[in-house]
Amino acid sequence: MFVARIVVLTAALALSCAGAADIVAKKCCEALVLKGDQTGNTIRVSPGYLPARWREATSICAKGRPKFDCPSEFGVRSDGDGWWTVFRRDVARFYAWTGGGGDAKWETCANWKPHGVPGRLDTVKLCKDAKIDLGRDRMVSNIVFTAKVILANGAVHVQNTIGRGAEAKLGVRAGSCLGKIKAMDGAVVQPLRGMAGYKGVLETDADGVVRVALTRPSASYTWTGSAGDGRWTSLRNWTVGGRIPMEPPCECDQVVFDAAAGAKRGFLSVVLPPGQTVVSNLVAKTHVRWKGTKDEDVLSKGASSSLDICDLSGNRSFSADGDGVTISLRTSANIPVVALKGTVLALSRHGHRPYKSITVMPGAQLMPYDWPVEVEKLVLKNGSTILFWPPRHFNKWRPLWVVHARHLEGDVRMETDDMSHWRQNIENWSDGSFMITINWRD
């Protein structure tokens, strides 16, 4: 994205001409030009610097080798000629420690490849003997040690994303050593204060690389919306036992949305991260509208948002309301479920236990991902559709049973990748129930 480089100096910038100084950038206004060599100066980017509607802004001209201190959701990269781009992190990055900055400080961009400072979504690889000055507590997604490394003056909080999401943040005790063969030479995994019940381990893979993991018991998360951005991944939007958690909810956790937790116009708006989010149980005491985000990988294939709910106990009813989101139920809910416009509602077969009531409103889509899904009462409003993805090896002489409904209201409209090969059929069984099937079109 091209952004015009307009020189704007505002009162939001604090400058000092004598020696090393802190430069605080509080509000982005197209471009900010700093005069003179900024080597040794720290440019602190405030959380409100980049407007929420902007993904990035080429906004700072700083000659020399300045240091950048940004919120974890921001990153800074060099565009050359002294120009720096501040961007919003939605994609995890991989950083390797090089020590090329010459000061062994975590926050020095030149100590990492690529240049920058790792954030909470990033993976860090420490592959050479080093003593790293953390300066303060740091947070990353995963950290891999292939050499003897001493971490000093702080703790690294790590979320190991390998596995099914049961791992959580951990603190590596300041001054400890972690390494390929040096695991017994002072290496420790120590949960921080307020992390009772966590268990830390060092895991060595087949290549002898030591990885850090921390498991924890399940917890009940309550939405507060205190961060003000509506994002699922913002820790300040949650509390666990009255305290801000160390990580967002994962598949072993229950999440609760209270009626008074920042609802606007009668409902909460929650932004899901790209990819799959799984929770053990969801209790909605107010209406929640889910907003999806889409991420592009290196192959330019989109990964949209999905929310998988393992249980809905504690709800009298459930509304799947979203924009660009797939809501998947892994439970045979014994409550009325309504899919509203803009939502894909995916249902599991979950044994042979039927869902009580499923209503698909206009503009919503129902997707059975196990066949057949059993429903006591299925209501298909005009403008709703059933999505069906046939298996690769489909026997065209044998129909596939998709949905078995004890009571069926509305007209069935089936969609798939190419309906020219398929036709839908509704069988009326002797017990009064209906079986929706899809057949190969001759």
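Strands (E, at least two residues) and helices (H or I, at least four) are DSSP runs, numbered from the N terminus. The model is predicted: local features need pLDDT of at least 70, side-chain atom pairs count only at pLDDT 80 or more, and totals for chains, interfaces and linings use all residues. Residues are numbered from 1 along each chain as its sequence is written, and side-chain values use heavy atoms, with hydrogens and water left out.

**Stop 1: Thr416**

Select Thr416, which sits in the loop connecting strand 39 (414–415) with strand 40 (422–428). Is Thr416 buried or exposed? Its relative accessible area is 13%, so Thr416 counts as buried; the term means under 20% relative accessible area, whereas exposed means over 50% and partly exposed lies in between (1.4 Å probe, protein chains only). Beyond its neighbours within four places in sequence, Thr416 is in contact (heavy atoms within 4.5 Å) with Phe388, Trp389, Pro390 and Trp422. Pro390 is 26 residues away in sequence, and its C-alpha lies 8.0 Å from that of Thr416.

**Stop 2**

Opposite Leu347 stands Pro368 of strand 35.

**Stop 3: the nonpolar cores**

A nonpolar core is a set of buried Ala, Val, Leu, Ile, Met, Phe, Trp, Tyr and Cys residues joined through side-chain atoms within 4.5 Å. The largest one has 48 residues, and those with the most contacts inside it are Trp232, Phe257, Trp290, Phe318, Ile358 and Leu378. Strand 38 (residues 400–409) contributes the most to this core, with five residues. Now centre on Phe257: leaving out residues up to four places away in sequence, Phe257 touches residues including Trp223, Trp232, Trp238, Leu268 and Trp290. A second, separate core comprises 34 residues, among them Cys28, Val45, Ile143 and Phe145.

**Stop 4: the hairpin of strands 6 and 7**

Finally, select strand 6 (residues 74–80) and strand 7, which run antiparallel and are joined by six bridges. Arg77 has Thr85 of strand 7 as its bridge partner. Two residues separate the strands of this hairpin, and Asp81 in the turn has a positive phi of about 60°. Strand 7 (residues 83–88) is largely enclosed by the rest of the structure, because six of its six residues are buried. Trp83, Thr85 and Phe87 lie on one side, with Trp84, Val86 and Arg88 on the other.

Definitions and conventions
Pairing = 2+ DSSP bridges.
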